[in-house]
Each structure stands twice: as structure tokens, then as C-alpha cells.
Amino acid sequence: MTIIGVSFDLQQDTDFRLITVLEDLIDPSWCWRFDGGENYIRNSVEDPWDMQELFTNRVYTGKEFIETIQTPNQYIIFADLRAFPHTNALDDVVNLNASIGGDCQLAVIIVDADYVMLFANDVDRLIALTKHRSNFQTLRREDITYTTI
């Protein structure tokens, strides 16, 4: 079996920011593609329905993506995000299987607001960072599981 990624349960608090999960994993030069989901910014703690969309574009530069995921009070129910080293590769990927081992540097999939899957070309770095980062201890409820093929 070959490890291709990690998965874990995430505990999103009222001031959750996706940057907390991804900060040591992403390269600011990467381009990002958002392939859908349901994700919000909570505008008000008092009114849980006062929300706006977090990801409003399909394609982000590295700088735009980092600014977006630093936004406070995120509530991400579903998200499919992929990072590429250049914009030419953004339209070439049809599915996750085509991403792994290709130009896709990192795939981030969030399901049901708490289950996160990370797939990376540099799996060893991904495993090391998720094992040893102290802020992962506060973000996740369960141990990290390795995704294999």
C-alpha cells in the first residue's frame, strides 16, 4: 500500500480559519482551483443565518487564496480545493485520481463540516507537518488516518 494523503476530523470553532490547517502546507506561488462546495463566513455570532460565501471565485492566485482562508469566522460544510504550480494546469484535471502524481500539489476536501482529506504530491512532508504541528492538536477531534491506494 502507498500512502497518498491524510484525513482527520476537524472541530470548527466560531472563529475557525482554514489557514490554521493549511498554513505550513501551502506555497504562496501556487494557483488554486475551487471545484465547489458550501462554505460561509459568519457575519454575526448572534444570528447564525447571517452569512456570506467564503469562496466566491473558481480560480485564485496564491495571494488571493491565502487572504481568503485567513478570513475569520469561517464555516465550511463542503469544499473541494486544489493547488497547482501554474495556471496552465488548472483546467487539465478532471478528477482526484488525475490530480495525484500530476501537477496538483495539494488537494483539500472537506465533507460535512468536520471531515478533512488532504492529498499531496509530497506526502512525506504532509505527514510530518500534520504529525508535529501543535495547532493540529486543537483542531482535530480524532487521530490522523492515512489514505492509501
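What pattern does the protein follow, read along the sequence? In this predicted model, the order is β-α-β-β-β-α-β-α-β-β-α-α-β. That comes to 5 helices and 8 strands.

Now look at how the chain folds back on itself. Take the contacts in the protein with a separation of 6 or more: residues 24 or more positions apart account for 70% of them. The protein has 149 residues, and buried ones make up 45%.

Next, the interior. In soluble globular proteins, nonpolar side chains tend to be buried together. Here the largest nonpolar core holds 34 residues. Within this core, L18, L22, W32 and L106 touch the most other members. Several elements give two or more residues to the core. The strands are β1 (3–9), β2 (31–42), β5 (74–84), β6 (106–111) and β7 (115–120). The helices are α1 (19–22), α2 (62–69) and α4 (123–132).

Leaving aside neighbours within four places in sequence, L22 is in contact with F65, I69, L106, V108 and L118.

Finally, the cysteines. C31 counts as buried because its relative accessibility is 10%, under the 20% cut-off. C104 has a relative accessibility of 4%, so C104 counts as buried too. How many disulfides does the structure hold? The number is 0.

Key:
Residues are numbered from 1 along each chain as its sequence is written. This is a predicted model: local features need pLDDT of at least 70, side-chain atom pairs count only at pLDDT 80 or more; totals for chains, interfaces and linings use all residues. Side-chain values use heavy atoms; hydrogens and water are left out. A disulfide is a pair of cysteine sulfur atoms within 2.5 Å. Buried means under 20% relative accessible area, exposed over 50%, partly exposed in between (1.4 Å probe, protein chains only). A nonpolar core is a set of buried Ala, Val, Leu, Ile, Met, Phe, Trp, Tyr and Cys residues joined through side-chain atoms within 4.5 Å. Helices (H or I, at least four residues) and strands (E, at least two) are DSSP runs, numbered from the N terminus. Contact means heavy atoms within 4.5 Å.
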